[in-house]
Amino acid sequence: MQLTCINCPRGCELTVERNADGTVKVTGHACPRGEAYGIAEMTNPVRMVTGLVRVAGTRRPLPVKTRTAIPKGKIADVTNLLANTTVLPPKRIGDLIVPDACGTGVDVVATANCAV
Ligand code: SF4
């Protein structure tokens, strides 16, 4: 697998391979963060998810995000969940919007304030 490391602007081109014994070999990285990124992308790729949810009584949506990264395979489920979520105002930055989004164990929280 060929990847570009996204952990800093240098953008090292990584080659990630699985060895016969199941271990993962990364080459092309200039620092340990790149190796860790390559291994994670091969074994359990994760991403932060951001989105918008409806706010009852207003046409202005509330921006939200997952508190931490979630498995890539759950991104579509969480995005669909957010598209069908409506919250009641008021909300403040950091307020819990969706607990344990789609069974990921990760909460979705507000990233802006909204008034009544
Ligand atoms: S491997 Fe290290 S130096 Fe290279 S892009 Fe990733 S973080 Fe930056």
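This is a predicted model: local features need pLDDT of at least 70, side-chain atom pairs count only at pLDDT 80 or more; totals for chains, interfaces and linings use all residues.
Residues are numbered from 1 along each chain as its sequence is written, and side-chain values use heavy atoms, with hydrogens and water left out.

**Exercise 1. State how the protein chain is divided and how far apart the parts lie.**

Step 1. Domain 1 covers 2-43 and domain 2 covers 50-110. These bounds come from an automatic or database domain assignment.

Step 2. Between the C-alpha centres of domain 1 and domain 2 there are 30 Å.

**Exercise 2. Describe the sheet that contains S1, S2 and S3.**

Step 1. Strands (E, at least two residues) and helices (H or I, at least four) are DSSP runs, numbered from the N terminus. Two strands pair if DSSP finds at least two bridges between them.

Step 2. The sheet is open, its three strands follow the order S1-S2-S3, and the pairing is antiparallel.

Step 3. Strand S1 (2-4) and strand S3 (24-27) are the edge strands; each has a single partner strand, so one side of each has no neighbour in the sheet.

Step 4. From one strand to the next the twist averages 30°. Axes are lines fitted to C-alpha atoms, for helices over the stretch in contact, and angles run from 0 to 180 degrees between N-to-C directions.

**Exercise 3. Follow S3 and its pairing with S2.**

Step 1. S2 (residues 13-18) runs antiparallel to S3 and is joined to S3 by four bridges.

Step 2. Arg18 is opposite Val24 in S3, and Val16 has Val26 as its bridge partner in S3.

Step 3. The two strands form a hairpin with five residues between them, and Gly22 in the turn has a positive phi of about 95°.

Step 4. Helix H1 (residues 32-43) lies across S1, S2 and S3, at about 50° to S2.

**Exercise 4. List the residues around the ligand and sort them by type.**

Step 1. The ligand is surrounded by Cys5, Asn7, Cys8, Arg10, Gly11, Cys12, His29, Ala30, Cys31, Arg33 and Gly34. A residue is near a molecule if one of its heavy atoms lies within 4 Å of it.

Step 2. This shell has five nonpolar, four polar and two charged residues. Ala, Val, Leu, Ile, Met, Phe, Trp, Tyr, Cys and Pro count as nonpolar, Asp, Glu, Lys and Arg as charged, and the others, Gly among them, as polar.

Step 3. Take Cys31, one of the shell residues. Cys31 sits in the loop between S3 and H1 and is partly exposed at 33% relative accessibility. Cys31 and Cys12 are 19 residues apart in sequence, with 9.4 Å from C-alpha to C-alpha.

**Exercise 5. Describe the five-stranded sheet and the helix across it.**

Step 1. This open sheet has the order S8-S5-S6-S10-S9 and mixed pairing.

Step 2. S8 and S9 are at the edges with a single partner strand each, so one side of each is left without a neighbour in the sheet.

Step 3. Strand S5 (residues 50-55) and strand S6 (residues 62-66) pair in the antiparallel sense over four bridges; Leu52 has Pro63 as its bridge partner in S6.

Step 4. Helix H2 (residues 75-83) lies across S5, S6, S9 and S10, at about 20° to S5.

**Exercise 6. Examine the backbone of Pro90, Asp100 and Cys102.**

Step 1. Pro89 and Pro90 are joined by a cis peptide bond with omega of about 5°. Pro90 lies in the loop between strand S8 (86-87) and strand S9 (96-98).

Step 2. Asp100 is not a glycine, yet has a positive phi of about 45°. Asp100 is in the loop between S9 and strand S10 (108-110) and is partly exposed, at 39% relative accessible area.

Step 3. Cys102, also in the loop between S9 and S10, has a positive phi near 55°. Its relative accessible area is 25%, so Cys102 is partly exposed.

How values were computed:
Contact means heavy atoms within 4.5 Å. Buried means under 20% relative accessible area, exposed over 50%, partly exposed in between (1.4 Å probe, protein chains only).
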